[in-house]
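The report below concerns charged side chains and the pocket in a predicted model. It begins with a single residue and its partner.

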Amino acid sequence: GESMRLQIIEGKFSVCKVENLRAVNFNVPWLFVGKTDAEISVVCLTVDVPHATLAREDGWRALRVAESMDFGLTGVMAGISTVLARAGISIFAVSTFDTDYILVKAENLGLAQTALEAGGYSIETPFR
C-alpha cells in the first residue's frame, strides 16, 4: 500500500498557557486551544502568541497528516509517536476533526524527518 503522507508546515510554533481566553486572538491562521478544569493551553505561530501568557515554550515545528482521517482509522498517532520516541524525539500532539498534527522542537525536525522516512512515512516539505 501507499505510505502515509506527512506535510511539514511552514513557520515556527509556540505552546503557551493563558489565564483566560480574552488574551487569545481567534483570527490568526493557526490556533489550537485546549481548555480543562485546570488550565487553558494555546498552540499558535510564534508571531501570534498572546501578549499575556502565564508560560510559553517557543521553537516548535509542525507536521500534519496529509490525509483527512476516518475516525475508524486506528493507531495513526500511535505509529508516528512510536517512531519518534524510538529516535528519542519528544512531541506535542494536537488533533482536529479531520487530522492530526505533530509538533517537534525545531532542532529535532531533521532527525524526525529521517526517522519517519525510515519508518515508511513520506514527508512533504513546505513550498517556498
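## A buried lysine and its partner

Lysine 105 counts as buried, at 17% relative accessibility, and its side chain meets that of glutamate 57 in a salt bridge with an N to O distance of 2.8 Å. Because glutamate 57 lies in strand β4 (residues 55–65) and lysine 105 in strand β6, the pair ties together parts that are 48 residues apart in sequence. Glutamate 57, with a relative accessible area of 39%, is partly exposed.

## The other salt bridges

The count of salt bridges in the model comes to 3. In one of them glutamate 124 pairs with arginine 5, with the closest N and O atoms 2.4 Å apart; this pair links distant parts of the chain, since glutamate 124 is in strand β7 (residues 122–124) and arginine 5 in strand β1, 119 residues apart. Glutamate 124 is partly exposed at 27% relative accessibility, and arginine 5 is partly exposed with a relative accessible area of 27%.

Aspartate 58 forms a salt bridge with arginine 56, where the closest N and O atoms are 3.1 Å apart.

## A buried aspartate without a salt bridge

Aspartate 100, placed in strand β6 (residues 100–105), is buried yet has no salt bridge, and the nearest side chain of opposite charge, arginine 64, is 11 Å away. The side chain of aspartate 100 does make a polar contact of 2.5 Å with that of serine 95.

## The largest pocket

The largest pocket holds about 160 Å³ of space. It is lined by 10 residues, of which Gln7, Ile8, Arg64, Thr125 and Pro126 are the closest to its centre. The lining divides into 5 nonpolar, 2 polar and 3 charged residues, and strand β1 (residues 5–18) gives the most to it, with 4 residues.

Note on methods. Residues numbered from 1 in each chain as written. Predicted model: local features only at pLDDT ≥ 70, side-chain atom pairs only at ≥ 80, totals over all residues. Heavy atoms only, no water. Helix = DSSP H or I, 4+ residues; strand = E, 2+ residues; numbered from the N terminus. Buried < 20%, exposed > 50% of the residue type's maximum accessible area, 1.4 Å probe, protein only. Lys, Arg positive; Asp, Glu negative; His and termini not counted. Salt bridge = Lys/Arg side-chain N within 4 Å of Asp/Glu carboxyl O. Polar contact = N/O pair within 3.5 Å; in protein donor to acceptor, adjacent residues only side chain to side chain. 1 Å grid on protein atoms, 1.4 Å probe; cavity = no way out; pocket = protein on both sides within 12 Å on 5 of 7 lines; lining within 4 Å. Points joined across faces, edges and corners; volume = space filled by probe spheres on them. Nonpolar A, V, L, I, M, F, W, Y, C, P; charged D, E, K, R; others polar.
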